[in-house]
Amino acid sequence: MSAEPTRIDRQVFKTYDLRPRGAFNEEGAVVYRSGSSSCRGRVAVALVAAGALVLSGCGRSSESTGTADAGPAVDNSPATGDVTIWAAQNEGKTLSALAKSFTAENPGVRITVTPVSFDELPRKVDTAVASGQVPDIIQPSTGLQSFVATGGIAPVPDGVTDPKDFFEPAVSAVTFHGIRYAVPWYVTVQSFYYRADLAKKAGVEAPKTWDDTIKFGKALKNAGARHGALIYTKGTAAWQTVLPLIYEAGGTVLKDGKFTFDTPEVITALDHYQSFFREGVADPTVTISTAGETEAGFADGTFGSYLTGSFSYGLALSALHGDTAKLGLATLPAGPKSGAGYLGGSGLAVMASAHNKDAAWKFVRYATSAQGEQKAYEISGVLPAARTAWKSGPLAESAVGKTFASQIENSLPQPQVLTWTEVRDAIARYAEQLARGVISPKDAATRLQAEAEKIGTGER
């Protein structure tokens with residue numbers, strides 16, 4: 001795989017103002033309907049029983065290696081009836097556009113897309129389950145583990161998608177105990193962003209190794225950046241920075257059902273994380289609290305480089321007023337073992353107690369097809385999880401697309417542990433301590449191991 005740094009082709013990522021043309025219902029949701037609607041019954045939810053079946057892993061179907069309660073295979077007949085989707089606001093706009101074309105092909109179906117933030121989703125799902133008024137489709141994102149643990153999500157039945165059509169880490173991210181609970185829709189991949197103009201001024205190339213990264217950051221400072229790199233120290237962005245370093249050092253978070261933080265590989269990763277601050281490349285007092293703040297600081301020269309997901313590309317380009325000469329992109333600098341990052345993103349899942357599973361799965365199949373994911377990319381710039389969507393069009397032809405594709409192939413899924421939300425918060429807390437220099441990498445690894453063991457894996 002190529003790790004060659006690239007300049008940004010501004011035509012690859014765009015910011016679209018998508019304005020759904022459907023009608024708005026009384027809840028403020030966008031409704032697409034080409035044909036007659038059908039009345040929707042309310043189905044009580046046997047959540048506990050469903051959870052027991054899901055976690056038992058019995059009665060697997062051929063395609064999903066899922067359970068018998070995955071339901072009948074989905075056929076190719078037209079979708080009918082009502083389908084309700086809960087999705088994050090931006091993704092919801094994209095799904096609304098897909099719903100419009102889907103209903104044109106399936107005139108007997110009516111799709112309602114309601115925006116629900118990722119933070120609100122667990123609470124709203126709990127309330128919906130209790131009232132029996134669940135949506136048919138949700139966008140679980142990184143909270144998928146929690147929904148699997150409670151049995152709220154249905155296994156993927158036969159006839160929806162072939163897992164071989166998607167990047168393997170994306171499939172692994174939605175698979176628990178050999179059972180798929182969602183279909184990959186889009187991916188986000190960690191990459192290295194840098195000010196190409198400052199690198200040119202300093203006479204340095206994008207870093208290929210950890211050691212290069214420290215030298216590169218110092219060179220950008222000498223070329224005019226206030227800080228050579230932005231290294232996140234708090235919250236989600238902090239654990240998202242540390243996790244790839246663990247992978248690159250050859251470490252793991254979980255192996256054979258046991259946490260593995262107290263290993264030489266993890267200590268090496270934490271030491272590299274702390275080295276950015278020891279070497280004066282990053283400032284531990286710098287924190288990011290609002291969306292777009294990273295890219296704004298990057299554009300005004302506060303930070304010469306940073307590591308984050310592919311979602312940042314369009315924001316950075318916008319902050320630079322489209323000046324592609326200033327924006328450099330490269331795959332992650334390699335550690336002792338590899339340049340592996342982790343693959344984020346989101347799939348689409350159908351609720352175990354959905355009212356219209358058949359039509360819901362047919363829409364999921366449509367949205368996650370190569371055609372659907374290409375369209376999502378064209379609308380909002382989210383990267384397709386389907387391999388075939390990368391074989392033609394602007395992504396396949398773009399240097400930026402090739403860089404992201406290269407990193408995707410060199411990415412691993414997030415740890416598949418049901419308590420990941422709690423564990424990753426612990427990683428973030430120790431990252432902040434490392435940044436401030438109040439704990440050694442070895443002590444941080446030891447305490448993190450103890451805390452993770454106290455949290456547990458969530459397995460019965």
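**Figure 1. The charged end of K124 sits over the ring of W86.** The distance from that charged end to the ring centre is 5.6 Å. A charge is taken to sit over a ring if NZ of Lys or CZ of Arg is within 6 Å of the ring centre and within 35 degrees of the ring normal. The model shown in this and the following views is predicted; local features need pLDDT of at least 70, side-chain atom pairs count only at pLDDT 80 or more, and totals for chains, interfaces and linings use all residues. Residues are numbered from 1 along each chain as its sequence is written, and side-chain values use heavy atoms, with hydrogens and water left out.

**Figure 2. F102 and F363 form one of the 15 aromatic pairs in the structure.** Rings of Phe, Tyr and Trp (its six-membered ring) pair if their centres lie within 6.5 Å; planes under 30 degrees apart count as stacked, over 60 as edge-to-face and the rest as tilted. The ring centres of F102 and F363 are 5.2 Å apart and the planes stand at 80 degrees, so this pair is edge-to-face. F102 belongs to helix α2 (residues 89–105) and F363 to helix α12 (residues 357–367), so the pair links distant parts of the chain, 261 residues apart. Helices (H or I, at least four residues) and strands (E, at least two) are DSSP runs, numbered from the N terminus. F102 is buried, at a relative accessible area of 4%, and F363 is buried at 0%. Buried means under 20% relative accessible area, exposed over 50%, and partly exposed in between (1.4 Å probe, protein chains only). Together with Y366, F102 and F363 form one aromatic cluster.

**Figure 3. W239 and W420 form an edge-to-face aromatic pair.** Their centres are 5.4 Å apart, and the angle between the planes is 85 degrees. W239 is in helix α8 (residues 235–248) and W420 in helix α16 (residues 420–436); the pair links parts of the chain that are 181 residues apart. W239 is buried at 1% relative accessibility, and W420 is buried at 0%.

**Figure 4. Helix α8 packs against helix α9 at an angle of about 130 degrees.** The axes are 8 Å apart. Axes are lines fitted to C-alpha atoms, for helices over the stretch in contact, and angles run from 0 to 180 degrees between N-to-C directions. The two helices, α8 and α9, are therefore oblique to each other. Angles under 35 degrees count as roughly parallel, over 145 as roughly antiparallel, 65 to 115 as roughly perpendicular and the rest as oblique. The crossing of α8 and α9 is right-handed. A crossing is left-handed if the near helix is turned anticlockwise from the far one by less than a right angle, and right-handed if clockwise. From α8, T241, V242, L245 and I246 meet V266, A269, L270, H272 and Y273 of α9.

**Figure 5. Helix α9 (residues 264–278) crosses helix α17 (residues 441–455) at roughly 125 degrees.** Their axes come within 8 Å. This pair, α9 and α17, is oblique, and the crossing is right-handed. The contact (heavy atoms within 4.5 Å) is made by I267, L270, D271 and Q274 of α9 with P441, K442, A444 and A445 of α17.

**Figure 6. Q190 lies in strand β9 (residues 183–195).** Q190 is buried, with a relative accessible area of 6%. Apart from its neighbours within four places in sequence, Q190 is in contact with Q240, P244, T308, G309, L332, Y342 and Q407.

Figure 7. H321 lies in the loop between α11 (312–319) and β13 (327–330). Phi of H321 is near 55 degrees, a positive value in a residue other than glycine. H321 is exposed, with a relative accessible area of 74%.

**Figure 8. H177 lies in the loop between β7 (175–176) and β8 (179–180).** Phi of H177 is positive, near 55 degrees, in a residue other than glycine. H177 is partly exposed, at 47% relative accessibility. R180, in strand β8, is buried at 4% relative accessibility. The C-alpha atoms of R180 and P163 are separated by 9.1 Å, and the two residues are 17 apart along the chain.
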